[in-house]
Amino acid sequence: MSIDIDKCNGCGACMMACAVENNIPPMPESANDRKGITWIRVYKVDNHRAYPERRTAFVPVLCQQCGHDAPCVHVCPQQAVDVDPETGIVGQMPERCLGCRYCMVACPYHARYFNWWDPAWPAGMEKTLNPDVSPRMRGVVEKCNFCHGRWHAAQQKAAAAGQREIDAADYVPACVEACPTGALRFGDLNDSSTEVAQDAARPESFRLLEKIGTEPKIHYRSQRDWVREIANAPHPDGKDEHRG
Amino acid sequence: MDKEFITRGLRRSSTGRFLLWILPWAALLVFGLYCAGLCLVKGLNQTNMDNRFAFGLWIFLDLTVIALGAGAFLTGFLLYILKIDELHAVINSAVVIGVVCYSGAVAALMVDVGQPLRSWFTFWYPNVHSMLTEVTFCISCYLTVLLIEYLPIVLRNRKLHDVPSFLVFEHKLHNLVYVLAGVGTFLSFFHQGSLGGLYGVLRGRPFAFREGLAVWPSTFFLFILSAAAVGPSFILLTTKLVETLSRKRLVRPAVYRLLARVSGLLLSVYVLAKTVDTLVWINRTSPGSGFEAWQYYSWKPFGTWILFAEIVVFGLLPALVMLTPRLRMHTGWLVTAAAMACCGVALNRFVMTVQTLALPTLSFDSFVSYYPSWQEIGTFLAVVAYGVLVYSFSFRYFSLFPEERELRLEAAAREEETALAGRY
Amino acid sequence: MTTTRRNLLKFVGGGAAGALLTPAPWRLITDTALWSENWPGIPRPARGEIRARFTHCTLCPAGCAVRARCVGGQPVSLTGVKPHPIGHGALCPWGLVGHQLPYHPARIRQGPVKEAIVAVARAIAQRGAGERVAVLDLRPGRTVSWTYRRAMAVMAGGLYLTPFQPAYAIDLAAARTVVSFGAPLFDGWGTPGNVFAARANFRLIQVEPVESRTAALADIWLPIRPGTESAIASALTGEIAIAEAARATGVDEKTLGAAKEAMAAGPVLALAADPGVTPGNWNAELGALGRTVVARREAPVPEAWKKAAPSTAVSAAPDRSIRVLLIDESLPGGYVPWQDIEPKLAPNAAVVVFSSTSEGYARHAQYVLPTAVYPETAEDIGPAIDTVAAVFRIAAPLIAPVVPVVNSGEFVARIAGLPQTDALRERADAIHKAGRGTLIDYVAAKSKPVKEATADDFWKALNQGGCWMDDTEKQAAPGKLELAAAVVGRPLTSPTLHDELPLTVVTAEPGRGGLESPLMSKLERESNLRLSANRVALSKADARANGIENGSRCVFETARGRLSVVAVIDAGVPAGVVEVAGGARMVDLYGPNRTARVVRV
């Protein structure tokens, strides 16, 4: 996936589309931004200067789909996480998950979320659930899987048409589909003809925390220098009080 | 009333007084079980843990308690493998402490995981790359070993010993004691290490991440060393506490000095290893991940004082005290040093669990703080109460301190002598 | 073999050992995991036939085209319609979760319909001389708006009230430079898909005190002191020197210079935060009229409807003259502060509001009648500010209303004695009869001239979510525009602060009325990405000065009243400013001077 930070306006459409597609329930009143479940979450970052030199940008952060040394894959005691060799997607099996939350400690991108509550929708709203994704009960960890269900549907469609490869237009994650500004792009990174692969090759492209060696598959880009600095480790000089 | 259950030759308080002692702990246990019940029934939203603080009070205290309970395996190793016979005086107590620490930790873990009914998945679908799999296997096996080691202590109870089949069984078990000690040491080595390995392998948390030997990060070995170092200290502390509370002499002073010497020696080795490890981490490992080490300590309240406190104040100082023969002669110094060593290990576990999670990893993260909810504290108090209750029952009905009787007779003989001498 | 106990035991033992060598027991153990997977009480999604249905979103005048994925007739997710010429397939966050609104726990589910009818009839019959019957239409421009206007024309003393409706439309595609005085261009203005499709064509100069989402993506952001918009306008047209403007506004000269240079690029457009108020004179000066600011065009209406009451602003209504007030709050839209409406009401006025939320006028009305919510509604949306062509699109209902609802158009038509007809059908027929324009059929994914379709086909296509569009007429300059008296000179943010109300109020979120799905908690509580209606954001300095901490309960106070809120500290908010989200309760507190203070409880 490639994300153009210079285009993201922080609207949150990706977050809503994700919640609808993946049957993520609204949290109870007592939840705050540390107990909510937002498989994709847009963060507000800034250049650490005071008003009026202060500039902000919005960065959608989702599971970075790390390479085969993904920190969370190694640490799960019951193999509830794996890296799919074909797609590179890091898959999480909530049915296998014990809820020990070790993977959440391991993930530096805070991309994993725990079900602190059982899912509860207001009466009648459960009619709007997506039948392709099963709701998870409490006590298990979940995270973005690039709308795995849509990939399966694309595969089934291709198989029904007698083809081996899926049609790229049939497999688009919900967030990419919903983004109104075109900041999110999705495709095959290994195919150099795709837009995503070309985006990743640009000089202004970067990945978060590259030095740690997680080999994430989400490539961010921005023309602004200060935005590219977010890829680095935290700097306590720029201590800010973020909203909430 | 229950005199016939109490070991011959030992004096214990009356049943009524014992019940008075038991009652508040039982009440605490009930309250704690209620807290745990809340967490199990209503879900983990009862705690103050959250997505940034996935591990909280329970994991920190579990790690500490397991480290403190390491006295069981170390004493067994020293006594049965290295044949240091003075430790006969404390081995039973050490085993009980071990049982209590490990079973309590496992119980707390069952409340901590989101799906306790799926605990068997780790045994059924193990992930050989995960340190936590290793921990689960070894701790389960080791708890079994501890329970088997506890069995003879139970079976030697005055009343139970009268049953012939128990007598025979207990005797047979006694033959196994060397095997058990060996297996226990082996398992402990691995699980204490893997508990350290849990944090050392976290490539995503450069604060905790360490280089090491093959698949084992340095924290693997540091945790084993620190646990081994603090085990005897904790035995020293608990024995002293029991002596004070029961107003009896339970072991000879030489045993304390021996425990202190062992602890001090291991602690100094640990401090040396830890210092080297910290220097490597500051200069090579952490910068290699793109994280400068100094910035970890710029987030209040975790300044460099915490590093200093862990290694020097609660590490080097007690080690030096325990290694100094003159200071070892004084109970006050012994107890203080042992307590400081225990604090040092607790601080180390705290730093690895809590500080690791509090520190931001992304540049646009915030530093987060966490304090446990009353349900979390209550659950852990249940573990403490459980430990006190089991130990109290074991102390009353089983012979935890073989030297107690001798010491009592010696003291009685001395009293008679002075009384006689006084007469003439 | 004899059947001794020993032999039996041997057999059983051997059998058990042998069974362990088969997959059976291992499989059974694995299968027992199933019962721990999902406990009863966890909702299971219903299954059914999956179909795509098309409609339009009614949550704002953009009326974006929507493709709903329906399972057994129930919409489970919404997306835009990619090839749509206006929407380009984009939906905003609210639109993406609109299908959950019918099940909103706070939705009004019942109301005293009969009592309301009786009370209204009585009030009409008993009204005194000079007392009026009024309909306040918060989303004018719809077909039902014509029903109201016809009803008020027929009734003696009927008044048709609306919030200010601009008689112009903005052609964003024609603009090369846009100067926006706080208009949330990239966050809720116009039609999102249209704005982002045109983005590459223009440079945006955003003028506002706080760095909003739009300012963050703008080409140039001018961080002015509140109330100094006129200085910027004057500097950009050369009326005053850059240096003087820099002094007045606090923006540095270099940035001002760059902004001025950017203006030379081509057709300029000026926008203001309140779409009802445009810097009209300034647009005229800049030559925008006829190019980027054009006359608004409406779809044809039946001849018989032309006898309709004109639109009156609430402020123009005589004081204490309205005896019956019917407020159509069924679609989220403009909100007129209650303090502006109340003086117009006669002493024993009957106020009926058609609404699905209790947060708006329901707080002040005597009769609150429940209406359908999106996607239950069957009506058209009305044009958006940036819709240049004449359009007609029906928000076809995807499900039947889940609670008993009242149709406000029918209600008003009945009390006025108008015949009950299918107004939408009549209008569609009138459009078809006029013969101009194109029918865009989403289901068939093609468009054709309206002349080529029969009236019935046309109607059918519209009800399946099709859209009629006519951009054949040349862009006319809005000659007879009622350009608002608001010259750029009227401060859009307040310059005068009192000691008592020291903070300038700035709206951080596009003001939306109506219900929003509970899932919006993802953007509000669960991520702090957007400010929720009960929160205000302060700078650290202002918070500290008032002893306020992040998350403290506070009171937000203006000259018009107070509201209980939760305060958050945001380093992006400059000192002297308080950011609020929209919402009826908050808008009720706005006065002509948007000043406030926040006090810790």
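1. Basis of the note. This is a predicted model, in which local features need pLDDT of at least 70 and side-chain atom pairs count only at pLDDT 80 or more, while totals for chains, interfaces and linings use all residues. Residues are numbered from 1 along each chain as its sequence is written, chains are lettered from A and ligands numbered from 1 in the order in which they are written, and side-chain values use heavy atoms, with hydrogens and water left out.

2. Helix α1 of chain B. Helices (H or I, at least four residues) and strands (E, at least two) are DSSP runs numbered from the N terminus. Helix α1(B), residues 15-42, has 28 residues and spans 39 Å between its first and last C-alpha, close to the expected 40 Å (1.5 Å times one less than its number of residues). The helix bends by about 30° at B:I22, with the proline B:P24 following within four residues; the bend is the angle between axes fitted to the seven residues ending there and the seven starting there. After α1(B) comes B:G43, whose phi is positive, near 105°.

3. Cover of that helix. Among the buried residues of α1(B) are B:F18, B:I22, B:C35 and B:L38 (buried: under 20% relative accessible area; exposed: over 50%; partly exposed: in between; 1.4 Å probe, protein chains only). Their cover includes α2 (57-68), α4 (88-112) and α14 (374-397) of chain B.

4. B:S394. This residue is found in helix α14 of chain B and is buried, at 1% relative accessibility. Apart from neighbours within four places in sequence, B:S394 is in contact (heavy atoms within 4.5 Å) with B:V96, B:Y150 and B:L400. The C-alpha atoms of B:S394 and B:V154 are separated by 7.8 Å, although the two residues are 240 apart along the chain.

5. C:T387. The loop between β16 (379-380) and β17 (390-395) of chain C holds C:T387. It counts as buried at 3% relative accessibility, and its contacts beyond four places in sequence are C:I86 and C:A169.

6. Salt bridges. The whole structure has 54 salt bridges over all chains (a side-chain nitrogen of Lys or Arg within 4 Å of a carboxyl oxygen of Asp or Glu). In one of them, C:D137 pairs with C:R142 at 2.9 Å between the closest N and O atoms, and both residues are buried. In another, A:D199 and A:R202 have their closest N and O atoms 3.0 Å apart; A:D199 is buried at 1%, whereas A:R202 is partly exposed at 37%. Salt bridges with shared partners join A:D4, A:R185, A:E195, A:D199, A:R202 and A:R221 into one network.

7. Surface patch. B:F189, B:L213, B:V215, B:W216 and B:F221 form a nonpolar surface patch with about 470 Å² of accessible area together (Shrake-Rupley method, 1.4 Å probe, only the protein chains shown counting as cover for residues). Patches are made of residues with over 30% relative accessible area and no salt bridge, like charges being joined within 9 Å and nonpolar side chains (Val, Leu, Ile, Met, Phe, Trp, Tyr) within 5 Å.
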